[in-house]
Amino acid sequence: MAMTESSRQVGVVLRRRSIDNPWIDHMWSPVMILDEVPATAPWTVLSAEADATIYYAGAASIDLFSSDTANYRDNLADGEPRIWVALRRRDGGSELELTKVTADPTEGEAMFESGCDVIGTVPMPPDIASWIAAFVDEFHVERAFHKRQRDRTDGDGQRTPDGSPDERRGRT
């Protein structure tokens with residue numbers, strides 16, 4: 001079965017917040033996903049307060065794959081569906097670049113272990129949730145769970161997968 005794919009461009013809004021920490025002076029976090037890409041230049045300041053600045057970080061693509069529909073369905077069924085946002089520092093400097101935006105919780109959790117510099121979740125906008133739900137409705141195929149059968153063994157486990165004695169180990 002061929003894999004089906006769908007993509008949608010979204011806007012990403014981030015917060016840079018000052019913090020009282022001896023090693024770092026600020027912290028980045030995603031604030032929201034815009035269901036449309038605005039005609040605003042990336043890294044435009046949207047608002048500034050004494051201890052926080054809100055930026056439009058730029059456009060990103062949410063990619064859906066038919067092989068991952070169960071993950072999207074689980075995200076939507078959670079009651080509070082989320083979008084994961086990951087950013088990396090460019091060349092080890094202070095500038096950030098968007099690396100990934102996803103609606104797949106499995107992929108989102110894997111990003112936490114991938115070494116990205118900024119990772120967070122934001123609520124999924126209703127328009128995006130509807131788009132993902134339509135994709136799941138169209139392409140989800142329930143896959144039956146098949147429990148793997150253990151190989152038959154004699155008491156010490158020295159048998160081949162078909163249950164016959166393992167001649168390589170000198171067993172008869």
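Which residues do ring pairs link into a cluster with W28? Keep that in mind while we get set up.

This is a predicted model, with local features needing pLDDT of at least 70, side-chain atom pairs counting only at pLDDT 80 or more, and totals for chains, interfaces and linings using all residues. Residues are numbered from 1 along each chain as its sequence is written, and side-chain values use heavy atoms, with hydrogens and water left out.

**Stop 1: the whole chain.** Show the cartoon. The protein chain has three helices and seven strands; here helices (H or I, at least four residues) and strands (E, at least two) are DSSP runs, numbered from the N terminus. Follow the chain along its sequence and you get β-β-β-β-α-β-β-α-β-α. Of its 172 residues, 31% are buried (buried means under 20% relative accessible area, exposed over 50%, partly exposed in between, using a 1.4 Å probe and protein chains only).

**Stop 2: the ring cluster.** Select W28, W43 and Y55: ring pairs link these residues into a cluster. Rings of Phe, Tyr and Trp (its six-membered ring) pair if their centres lie within 6.5 Å; planes under 30 degrees apart count as stacked, over 60 as edge-to-face and the rest as tilted. By this rule the count comes to five aromatic pairs. Zoom in on W43 and Y55: their ring centres are 6.0 Å apart and their planes sit at 65°, so this pair is edge-to-face. W43 is in the loop between β2 (26–34) and β3 (44–48), while Y55 is in strand β4 (residues 52–65), so the pair ties together parts twelve residues apart in sequence. W43 has 30% relative accessibility, so it counts as partly exposed. Y55, at 16%, counts as buried.

**Stop 3: a pair between helices.** Now pick Y72 and F135. They form an edge-to-face aromatic pair, 6.4 Å centre to centre with 70° between the planes. Y72 belongs to helix α1 and F135 to helix α3, so the pair ties together parts 63 residues apart in sequence. Both Y72 and F135 are buried.

**Stop 4: the two helices.** Select residues 69–77 (α1) and 126–139 (α3), which pack at an angle of about 135° with their axes 10 Å apart. Axes are lines fitted to C-alpha atoms, for helices over the stretch in contact, and angles run from 0 to 180 degrees between N-to-C directions. Finally, show side chains: T69, Y72, R73 and L76 in α1 meet A129, I132, A133, F135, V136 and F139 in α3 (contact means heavy atoms within 4.5 Å).
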